[in-house]
Amino acid sequence: MNFLPYNPRLKEIARKLRQTMTKPEILLWQCLKGKQMQGYDFDRQRPIDEYIVDFYCKQLKLAIEIGN
């Protein structure tokens with residue numbers, strides 16, 4: 001089973017973060033979106049448990065956080 005804990009209270013916050021991405025997040029998203037990275041699908045601002053990670057690939061179980 002491939003289950004990650006999800007906190008529905010973070011859904012709206014994640015939506016707002018997608019609308020106000022930082023310049024480094026925007027640049028990385030340009031490379032990740034549309035399965036451009038070797039065919040892997042990435043989500044941005046993905047709620048996982050009590051956190052929101054900048055990018056997440058379900059197939060790789062890979063979370064990416066961009067520092068400030």
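Helices and strands here are DSSP runs, a strand being at least two residues, numbered from the N terminus. The close-ups below come from a predicted model.

View 1. Glycine 67 lies in the segment after β3, which spans 62–64. With a relative accessible area of 58%, glycine 67 is exposed.

**View 2. The hairpin of β1 and β2.** Strand β1 (residues 42–48) pairs with β2 in the antiparallel sense, over 6 bridges. Across the pairing, arginine 44 stands opposite phenylalanine 55 in β2. The hairpin has 2 residues between its strands, and aspartate 49 takes a positive phi near 60 degrees.

**View 3. Aspartate 54, a buried charge.** Aspartate 54 sits in strand β2, residues 51–57. It is buried yet has no salt bridge, as the nearest side chain of opposite charge, arginine 18, is 10 Å away. What does the side chain of aspartate 54 reach at 2.6 Å? It's the backbone nitrogen of isoleucine 66. Leaving aside residues up to four places away in sequence, aspartate 54 also touches others, including Glu25, Asp43, Arg44 and Ile64.

View 4. Glutamate 50 and arginine 9 form a salt bridge, with their closest N and O atoms 3.3 Å apart. Glutamate 50 is in the loop between β1 and β2, arginine 9 is in the segment before α1 (11–19), and 41 residues separate them. Glutamate 50 is partly exposed at 47% relative accessibility, whereas arginine 9 is exposed at 62%.

**View 5. The other salt bridges.** The structure holds 3 salt bridges. In one of them, glutamate 12 meets arginine 15, with the closest N and O atoms 2.7 Å apart. These two are 3 residues apart in helix α1, so about one helical turn separates them. In another, the side chains of aspartate 43 and arginine 46 meet at 2.9 Å, N to O. Aspartate 43 is partly exposed at 29% relative accessible area, and arginine 46 is partly exposed at 24%.

Definitions and conventions. Residues numbered from 1 in each chain as written. Predicted model: local features only at pLDDT ≥ 70, side-chain atom pairs only at ≥ 80, totals over all residues. Heavy atoms only, no water. Helix = DSSP H or I, 4+ residues; strand = E, 2+ residues; numbered from the N terminus. Buried < 20%, exposed > 50% of the residue type's maximum accessible area, 1.4 Å probe, protein only. Lys, Arg positive; Asp, Glu negative; His and termini not counted. Salt bridge = Lys/Arg side-chain N within 4 Å of Asp/Glu carboxyl O. Polar contact = N/O pair within 3.5 Å; in protein donor to acceptor, adjacent residues only side chain to side chain. Contact = heavy atoms within 4.5 Å. Pairing = 2+ DSSP bridges.
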